[in-house]
Structures are given as C-alpha cells and as structure tokens.
Amino acid sequence: VVGIQNGGTGAITASDARTNIGAVGMTTTTVTLSASGWSDNTQTVSVGGVTADNTVIISPVPSSYSSYGESGVRCTAQAADTLTFACDATPSSNLSVKAVVLA
C-alpha cells in the first residue's frame, strides 16, 4: 500500500482507493418524459440516487434530440429521487433522456 502522500491511494481495494482520493461514484439511467405526463409545461420523474445537492448531467438520447430541443425541454429542479423538467411547448411524443448522477 502506497500512501497518498507518496503518490498512492493508501488502499488495497479499488473501492477504498476511490474513497481515499475523493473520487465520485456515478450512475447512469434513462428516463422517459411521456407526452401525456406534462402538466402546465412541467413533468417530474423518478430517478434513484438523485439528491437536492448532487450533480446531475442531463442529455436527450439521439432519437429524442430534435424534439427535445424544438420543445425547449430542460431540467429545472432536483430533489430526493426526482428530477423536474419544463418545456416551452409540449412535445407530441415521448422523449428519452439520459441522467448521469454523480454521488
């Protein structure tokens, strides 16, 4: 085991190494924004692992990219296990969105 002060991780296992050097965990999931799920141009979806404070990276999947952009969809809020999206115009079809949650 090489200590952090000597350029190592100070750990034997990969998990302990990540903890020791402050590396973040990451999960990726695909969520569906249903065409019928919009109310007053907002929609909240369940996404496990989301907190009010962690970093979440959002991107539409390629097949939803055009509709996502044309409808002005964006993620506007996050809370425990949820993400809230808003749109300028209600999409006419379901949209698939990738959410990368950094822990």
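Predicted model: local features only at pLDDT ≥ 70, side-chain atom pairs only at ≥ 80, totals over all residues.

Q: How many disulfides does the structure hold?
A: A disulfide needs two cysteine sulfur atoms within 2.5 Å. The sulfur of Cys75 has its closest cysteine partner in Cys87, and at 13 Å that is too far for a bond. So the count of disulfides in the structure comes out at zero.

Q: Is Cys87 buried or exposed?
A: The cut-off for buried is under 20% relative accessible area. Cys87 has a relative accessibility of 4%, so Cys87 counts as buried.

Q: What does Cys75 count as in terms of accessibility?
A: Buried residues sit under 20% and exposed ones over 50%, with partly exposed in between. Cys75 comes in at 29% relative accessibility, so the label is partly exposed.

Q: Which strands are the edge strands of the open sheet of three strands?
A: The order in this sheet is S2-S5-S4, and the pairing is antiparallel. On average, neighbouring strands here are turned by 25° against each other, ignoring direction. An edge strand pairs on one side only, and that picks out S2 and S4 (74–79).

Q: Which residue in S5 stands opposite Gln78?
A: S4 and S5 (residues 82–86) run antiparallel and are joined by five bridges. Opposite Gln78, the residue in S5 is Leu83.

Q: Which side chain meets Asp88 in a salt bridge?
A: Searching the whole structure turns up one salt bridge. Asp88 is in the loop between S5 and strand S6 (95–102), and its partner is 14 residues away, in strand S4. The N to O distance is 3.0 Å, and the partner is Arg74.

Q: Where is Asp40, and is it buried or exposed?
A: Asp40 sits in the loop between strand S1 (26–33) and strand S2 (42–46). Its relative accessible area is 76%, so Asp40 is exposed.

Q: What is the C-alpha to C-alpha distance between Asp40 and Asn94?
A: Along the sequence, Asp40 and Asn94 are 54 residues apart. In space, C-alpha to C-alpha, the distance between the two is 17 Å.

Note on methods:
Residues numbered from 1 in each chain as written. Heavy atoms only, no water. Buried < 20%, exposed > 50% of the residue type's maximum accessible area, 1.4 Å probe, protein only. Helix = DSSP H or I, 4+ residues; strand = E, 2+ residues; numbered from the N terminus. Pairing = 2+ DSSP bridges. Axes fitted to C-alpha atoms, helices over the stretch in contact; angles between N-to-C directions. Salt bridge = Lys/Arg side-chain N within 4 Å of Asp/Glu carboxyl O.
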